[in-house]
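Hello,

Here is the structure I promised to pass on. Please open it alongside this note; my findings follow below.

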Amino acid sequence: MIRAGVGFSTALNPRTAAAEATAAALAQAGLSRANGALCFATPAYGAAYPMILRTVASQAHTREVAGCSSMGVIAGETEIESGNALAVMVFGGEDIHATRFFVPTPRGRPASVAAEVAAAVRSQLGKSNLLILFADTYNFEAEATLEALGTELPGVMIAGGGASEDGSIGETFVFCGDTVSSNAVSGMLLAGDFEPTVASSIACGLIGTAHRVTAARDNILIELDGRPAYEVFAEAAGPLTGDLRRALTYVFVAIPVYENAQTIERGQFVVRNIVGASEEHGVIAVAFQPRVGDTVGFVLRDAELSRQDLKATLEELNDRLDAPPAFGLYFDCVSRGAGLYNIPGHDSAYIRRYLGPVPIAGFFTGFEIGSLAGQTSLLQYSGVLALISGRKS
């Protein structure tokens, strides 16, 4: 049997906050000793991160502690997006085991990073596995590293996100044991006899139809369907193009997950930013390298579209689950909180409505890692929910 619990605190004293959150998590789980613990803490505690981790480890009686810095934290139905806040998840039981890992300096060596992560956890793989990954958002080459991890650990489900901050520091941090570091990757392998499930929801909806790339150079889209790419973008953005800077915070490019796809379908595309646009030259610059013949589309970030996609995802998730989850982790894009919905705790309230009182912990991410159309993908503007369920007896 798997037991788990989540706790949070907004106490100003970091040691008090860590002790309060861990005690609440242990109490909910009915545990005096945990197999592992995950901790997420806002930059307000930055100088005290090592002490926080030591407190969590001491109180939960486990060396297996991992987590990261975050602009905001999630604990149950509570989402706190600023100020002092930390969340702790603990779990235990014979059916789940934890192995933490830490890899420094990920930039420029994605294959090596993947090999080091795999080497740290391979001997601990169990009947079922979920690899939780936390990365310095500013230094992690996500797509190349995830591709290499798929080769190193075939069949292992992966979820996680990029550490975040509120702009006051200019750095993000990952946690492993009592080690705190920027420019690093950390995480935890959950292994044992359980059912892992990962689902993702996106805050964007498709505008219009798919388009074929007919001219491109490097990261510049020159033509779509034989027309200037800016012209097609402007049609999709509509009145937003009157304020280009604002338009680029709401309109993005959708890329199908499947190679050679002719259409763009819900749940089968990733989103990438438009980093610049020139009406004079008729082009747009994007955060990827398009090729002639690719299919792309435009999407709009919108609260109602996000809400509908989250509800549909949770309905589909309920149909997939064979047993009630023991606990879950939620990795939610920093753009999806109260700033999008104009109310706090939106996504967590819907998760509770559909899944019931499952212990959920998480944080607001710089990017998300989740399963999309059966593939591990780098996601943006998404919420990724990873669930651990006991097997049916």
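The lining of the second largest pocket splits into eleven nonpolar, nine polar and four charged residues. Please keep in mind that the model is predicted. This second pocket holds about 440 Å³ of space. It is lined by 24 residues, and Ser200, Gly267, Ser371, Leu372 and Ala373 sit closest to its centre. Which strand gives the largest share of this lining? Strand S13 does, with six residues. S13 covers 194-202. S18, helix H7 (303-320) and strand S24 (368-372) also supply at least two residues each.

Now the largest pocket. Its volume is about 930 Å³. Its lining counts 30 residues. Nearest the centre are Glu143, Ile255, Pro256, Val257 and Gln375. By type, the lining residues are 14 nonpolar, nine polar and seven charged. Helix H4 provides the largest share, five residues. H4 spans 142-152. At least two residues each also come from strands S17 (251-256), S18 (269-272), S21 (295-301) and S25 (375-379).

**The core**

The largest nonpolar core has 61 residues. The members that touch the most others are Phe91, Phe134, Leu190, Phe233, Ile284, Phe298 and Phe327. Helix H5, residues 229-237, gives the most to this core, with six residues.

What does Phe233 contact, leaving aside neighbours within four places in sequence? The partners are Thr241, Leu244, Ala247, Leu248, Val251, Ile274, Ala277, Ile284 and Phe298.

**Overall fold**

The protein has nine helices and 26 strands. Of its 393 residues, 57% count as buried. Take the contacts with a separation of 6 or more: 81% of them join residues 24 or more positions apart. Along the principal axes, the C-alpha atoms fill a box of roughly 65 × 40 × 40 Å. The radius of gyration is 21 Å, which agrees with a compact globule, because a globule of 393 residues would have a value near 21 Å.

Over to you.

Best wishes

Terms used. Residues numbered from 1 in each chain as written. Predicted model: local features only at pLDDT ≥ 70, side-chain atom pairs only at ≥ 80, totals over all residues. Heavy atoms only, no water. 1 Å grid on protein atoms, 1.4 Å probe; cavity = no way out; pocket = protein on both sides within 12 Å on 5 of 7 lines; lining within 4 Å. Points joined across faces, edges and corners; volume = space filled by probe spheres on them. Helix = DSSP H or I, 4+ residues; strand = E, 2+ residues; numbered from the N terminus. Nonpolar A, V, L, I, M, F, W, Y, C, P; charged D, E, K, R; others polar. Core = buried A, V, L, I, M, F, W, Y, C linked by side-chain atoms within 4.5 Å. Buried < 20%, exposed > 50% of the residue type's maximum accessible area, 1.4 Å probe, protein only. Contact = heavy atoms within 4.5 Å. Rg over C-alpha atoms; globule rule 2.2 N^0.38 Å.
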